[in-house]
Amino acid sequence: MANDPMQQFEIKKIFDLPDIAGQDLAFTNASLWMVVGGLAIIGFFFLTLKGKLIPGRMQSLGELSYEFIANMVKDTTGPEAMKFFPFVFCLFFFILFANIIGMNPYAFTTTSHLAVTVFLAFFTIALVIIAGIWKNGFKWFKIFAPAGLPLLMYPIIILIEIISFLARPITLSVRLFANMVAGHVILKLFAIFIAFLIGKGGILAGAAIFPIIGTMAIVALEFLVAGLQAFVFAILTCVYLNDVYHVDH
């Protein structure tokens, strides 16, 4: 067993790909587990496409998934935002499956890398900006200047709103990344501690039962965090999409 808890996040090259514009490209373990996650999502929803009048378990699960995301978009942003439903749906399930797959032994957690979470966050914010300007023109920039404030407060409020907006992709990406890394590091440390106690033998080996129980509790908590972080990322995306439709606050 490796004693470095950070080794589980190491990117390893599986095979080389042709260079593009002089850039060294390779298919890595992160790429592999992204593909596995994508195929798992496709497989899951393929099993739900029964179309029966009386739905079975898998069809019910698929319909509940649709209603869950659809209600999230409508309740948070409004019915007019349903055109973004496919994006929020894909975002939620990509993060959820990546997080859950990463909980399995020998699997790789793709959302434990900033490159992945930063791309998801910046793509989301870029979509909000482009869609907002596309729908409202330059009036979209009114989101930085809420109506009804005293004139003297506008310079301060505009500055605060701009800083708050620019911080969104940072907080969105770091929150997901930090939660995934922290949970896996703690699990690894517990595993190393258990191996150490068992290796000592005697009473210490018997005392390993306590960190084993603690590990089981953390694993259960990590599954909860895996789902919760996917939900947080998706609902914050819906909150940010409010800026497309409600520029006047």
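I started with the largest nonpolar core, which has 42 residues. Ile69, Val88, Phe92, Phe93, Ile95 and Phe233 have the most contacts inside it. I then looked up which elements give two or more residues to this core: helices H1 (29–48), H2 (57–76), H3 (85–101), H4 (114–136), H5 (154–200) and H7 (209–245). H3 supplies the largest share, 10 residues. I note that this is a predicted model.

Next I picked isoleucine 69. What is isoleucine 69 in contact with, leaving aside neighbours within four places in sequence? I found Phe85, Val88, Phe89, Phe92 and Phe93.

Then I turned to the surface. I found a nonpolar patch made of Ile14, Phe15, Leu17, Ile20, Leu25, Leu32 and Val36. Together these residues have about 540 Å² of accessible area. Strand S1 (13–20) and H1 each give two or more residues to the patch. S1 gives the most, with four residues.

Leucine 25 sits in strand S2 (residues 23–28). Its relative accessibility is 30%, so leucine 25 counts as partly exposed.

Last, I went through H4. This helix has 23 residues and reaches 32 Å from its first C-alpha to its last. That is close to the 33 Å expected at 1.5 Å a residue. Which residues of H4 are buried? I listed Val116, Thr117, Leu120, Ala121, Thr124, Ile125, Val128, Ala131, Gly132 and Asn136. The buried residues of H4 pack against H1, H3, H5 and H7. A general point for my notes: an α-helix has 3.6 residues a turn, so residues three or four places apart point the same way. Just after H4, I found glycine 137 with a positive phi of about 65°.

Note on methods
Residues numbered from 1 in each chain as written. Predicted model: local features only at pLDDT ≥ 70, side-chain atom pairs only at ≥ 80, totals over all residues. Heavy atoms only, no water. Core = buried A, V, L, I, M, F, W, Y, C linked by side-chain atoms within 4.5 Å. Buried < 20%, exposed > 50% of the residue type's maximum accessible area, 1.4 Å probe, protein only. Contact = heavy atoms within 4.5 Å. Patch = residues over 30% accessible without salt bridge, like charges linked within 9 Å, V, L, I, M, F, W, Y side chains within 5 Å. Areas by Shrake-Rupley, 256 points an atom, 1.4 Å probe, with all protein chains shown as cover. Salt bridge = Lys/Arg side-chain N within 4 Å of Asp/Glu carboxyl O. Expected span 1.5 Å × (residues − 1).
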